[in-house]
Amino acid sequence: MAKIKRKNAIILDDFGLQTLDNSNRITLLELTEDRHNNGSIMVISQIPVQGWYNIIKKNHS
């Protein structure tokens, strides 16, 4: 993660192919928080943005 944080830009390609488990959800949150005022993050996905909630949300089952 430290190696990724040093990059000026990060590209998440094919985002949304799988729903995120708790570990990946936390990693995504940390990554996006780190990018604020520190660098860019580009998300490439075939899933419309409206569908991202279903990929990121926490399952309560």
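**Reading the fold**

Student: How many helices and strands does the protein have, and what pattern do they follow along the sequence?
Tutor: This is a predicted model, and in it the protein has three helices and two strands. Read along the sequence, these elements follow the pattern α-β-α-β-α.

Student: What percentage of the contacts between residues at least 6 apart in sequence join residues at least 24 apart?
Tutor: A contact here means heavy atoms within 4.5 Å. Among the contacts in the protein between residues at least 6 apart in sequence, the share that joins residues at least 24 apart is 79%.

Student: What percentage of the residues is buried?
Tutor: To count as buried, a residue must have under 20% relative accessible area. Of the 61 residues in the protein, the buried ones make up 18%.

Student: Which residues of helix 2 are buried, and which elements do they pack against?
Tutor: Helix 2 has 14 residues and reaches 20 Å from its first C-alpha to its last, close to the 20 Å expected at 1.5 Å a residue. Its buried residues are Arg-25, Leu-28, Leu-31, Asp-34 and Arg-35. An α-helix has 3.6 residues a turn, so residues three or four places apart point the same way. The buried residues of helix 2 pack against helix 1 (2–5), strand 1, strand 2 (40–43) and helix 3.

Student: How are the rings of Phe-15 and Trp-52 arranged?
Tutor: A pair of aromatic rings is described by the distance of the centres and the angle of the planes. The count comes to one aromatic pair in this protein. Because the rings of Phe-15 and Trp-52 have their centres 5.1 Å apart and their planes at 65°, while an angle over 60 degrees is what the class requires, the pair is edge-to-face.

Student: Where do Phe-15 and Trp-52 lie, and how many residues apart are the parts that the pair ties together?
Tutor: Phe-15, which is buried with a relative accessible area of 10%, lies in the loop between strand 1 (9–12) and helix 2 (22–35). Trp-52 lies in helix 3 (residues 52–56), so the pair ties together parts whose separation in sequence is 37 residues.

Student: Is Tyr-53 buried or exposed?
Tutor: Tyr-53 is found in helix 3, and its C-alpha atom is separated by 9.5 Å from that of Thr-19, 34 residues apart along the chain. Since the relative accessibility of Tyr-53 is 58% and the cut-off is over 50%, Tyr-53 counts as exposed.

Terms used
Residues numbered from 1 in each chain as written. Predicted model: local features only at pLDDT ≥ 70, side-chain atom pairs only at ≥ 80, totals over all residues. Heavy atoms only, no water. Helix = DSSP H or I, 4+ residues; strand = E, 2+ residues; numbered from the N terminus. Buried < 20%, exposed > 50% of the residue type's maximum accessible area, 1.4 Å probe, protein only. Phe/Tyr/Trp six-rings, centres within 6.5 Å; stacked < 30°, edge-to-face > 60°. Expected span 1.5 Å × (residues − 1).
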